[in-house]
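Work through the following exercises with the model open. Each task is followed by a solution in steps.

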Amino acid sequence: MHAAEEIAQEIYQVYSSGRNGIVLELERRQELEPVVRILQSAYFDNRKTGRAGVDIHYGLKKERAGISFAPACYQITRICNRKLEDGEAGMEGVLPDSSLAAAVEHFMADKHIGFVILHDFQLIDARQKAKLVPALLQALGKQNVREMPLLLITVDGRAHLPEELFPYIHLIEGRKPGTVEMKEQVSSLLSQKGLLASENFQREIVSYLRGFHCFEAAYLFERAQLLYGAEAFDEDKKRILELISSEKVKLLEKDRLLEWKMVKHADIANMQAVKKYLKESGLIMGSLDDAMENGVEVPKGILIMGLPGTGKSLFAQYAASVLKLPLIRLEMGRMMGGHVGDSERNLRNAQKQAEEMAPCILWIDEIEKGFSGADGKNRDGNDYLQRMTGGFLTWLQEKKSSCYIIATANSIQGMPPEFFRQGRFDRCFYTAMPSETEVRNILNVHLQKPGRQHVKPVIKEAVDGVIQLAAAEKRFMTGADAGALVSNAFRRLYLDYASQAQDMQMEHGEAAGAGNACAEKLNKEAYDCVHLAEVMKKEFGEMKVFSETNGEQIAAYTRLAEKSGFVNASAGEKDSEDVFRRYDDRLAHFIMQLQEHVQG
């Protein structure tokens, strides 16, 4: 069932049960139009019942004395909406500040009216509200409500409703279209434009459009075609996804709770165990209906604890790239509000937004910042943390949507143990200090990035030299250290070559120094190959690696990971067959010594 059908059905069920005051909380006025059509055709067909609908638009009205705010009333019929004269709307001789109250009183007393819509309650000025609210309470407080019309009030947020109305109304939140409905919309839009797209590409478009309404999808398709022409729906360039991403950024900036991340490609050279687990989860999510029919539950997500620089954030981007799902980042620091209840409300709203955008990956970055201290050991002033934790854990436990969570943490110290019980996250991993094999793989990935492929013949020599030096000096790298080392090495190669070229040009003159551009490039590539190993060892000797500056943190972290029973994200990595395997032995001994030092 589509979102508008669900809302219309709920409205009529509530009305049929004996409550005729319903408030519909909407972001856009366009959301109401399909709901009204369904109400009219399926439940209040005036051909069958003789009961029409009335639509009250509150706005400017020209009068002899000038311009004032007053309602314009329309009768909703199957064919068209007919504007009602003042006499029909019960507003003859009514003072301007009483016009809304008079219109509501008039139509709510008419048994031939099926439903009355009062638009945009948040826009009504204070003088009108002073007369309107008592009229609403009088109409909604009567006992014979089944003989009265349904009163449907629309508002952009429940905070704009007066508290005295709540005992008499039923509140319904607007709904974003589900995956099936959006898939139908995308298929229809492509068909209208005579475009063909593979099932995988359509699925990708649908996943990016989740969180928008169907009428917004139509607008985005039109705009993409105007901006990019034939490239808009090209499956290699995927310009439509770029446009949707830019609009999604604006959509999320409104509340500043979530951040949209556009990921085209991300690679990761280690963490084989968690990569394998992600692949399995992706297979289930790709055939979710079939999996659920065979007793498989919707994957919830994973938690990854790891030291800074060990690849946690990169893994979230890698997951989005591999699963071809949008990546949404939730930073726990953004959830914290200045008033009582703000933090819990922000987290609930962020969860709701993420659910509306499913299927997606929700990356909860540094989750410990939001929940550390909620373990009950320090009870001073942490009531809001207890409430946030309880609400979040309940959501994790009961979540049924394909919003796949990747939570990352530098440490879980101080976090409630309930987070790590079965049924919350599917599995908890930790990223250790990289082994020799992982460091080798990471260096290889960085050394083969664009602009560096020419050094491929000498990569093994350069990598072996650095690993041998690291093991000998007991200076062990994280993935971030390895990436920085390669970056520094290529910077130094460029500067050294440029300096030598400049010296030669000054020595031999500009004519000789100009040379051939192609020959110069070949000379630069040859220079890099000759000097790469030497420069990398030199740069490694000059940098401070993580193990030198954060030894105690490594020791405490390793003990915590082992105690918590987390799975090593690199479990199953093959040991190196090189003579430099002693790197791992020395790393293990290094960590053991640190732990003994900390305990001592």
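**Exercise 1.** In this predicted model, find which residues Arg475 is in contact with, leaving aside its neighbours within four places in sequence. Then decide whether Arg475 is buried or exposed.

*Solution.*
1. With those neighbours left aside, the contacts of Arg475 are Ala470, Phe540, Gly541, Met543, Val545, Ser547 and Glu548.
2. Arg475 sits in the loop between helix H16 (459-473) and helix H17 (479-508).
3. A polar atom of the Arg475 side chain is 2.9 Å from the backbone oxygen of Phe540.
4. The relative accessibility of Arg475 is 8%. Buried means under 20%, so Arg475 counts as buried.

**Exercise 2.** Describe how helix H7 (residues 214-228) packs against helix H8 (residues 239-253).

*Solution.*
1. The angle between H7 and H8 is about 120°, and their axes are 10 Å apart.
2. Angles of 65 to 115 degrees count as roughly perpendicular and those over 145 as roughly antiparallel; H7 is therefore oblique to H8.
3. The crossing of H7 past H8 is right-handed.
4. On the H7 side, the contact consists of Tyr219, Leu220, Phe221, Arg223, Ala224, Leu227 and Tyr228; on the H8 side, of Arg239, Ile240, Leu243, Ile244 and Glu247.
5. Sorted by class, this contact has nine nonpolar, no polar and three charged residues.

**Exercise 3.** Do likewise for helix H5 (residues 179-192) and helix H6 (residues 199-209).

*Solution.*
1. H5 and H6 pack at about 120°, with their axes 9 Å apart.
2. That angle makes H5 oblique to H6.
3. H5 and H6 form a right-handed crossing.
4. From H5, Thr179, Met182, Lys183, Val186, Ser187 and Leu190 meet Gln202, Ile205, Val206 and Leu209 of H6.
5. The classes in this contact are six nonpolar, three polar and one charged.

Note on methods
Residues numbered from 1 in each chain as written. Predicted model: local features only at pLDDT ≥ 70, side-chain atom pairs only at ≥ 80, totals over all residues. Heavy atoms only, no water. Axes fitted to C-alpha atoms, helices over the stretch in contact; angles between N-to-C directions. Helix = DSSP H or I, 4+ residues; strand = E, 2+ residues; numbered from the N terminus. Parallel < 35°, antiparallel > 145°, perpendicular 65-115°, else oblique. Left-handed = near helix turned anticlockwise from the far one by under 90°. Contact = heavy atoms within 4.5 Å. Nonpolar A, V, L, I, M, F, W, Y, C, P; charged D, E, K, R; others polar. Buried < 20%, exposed > 50% of the residue type's maximum accessible area, 1.4 Å probe, protein only. Polar contact = N/O pair within 3.5 Å; in protein donor to acceptor, adjacent residues only side chain to side chain.
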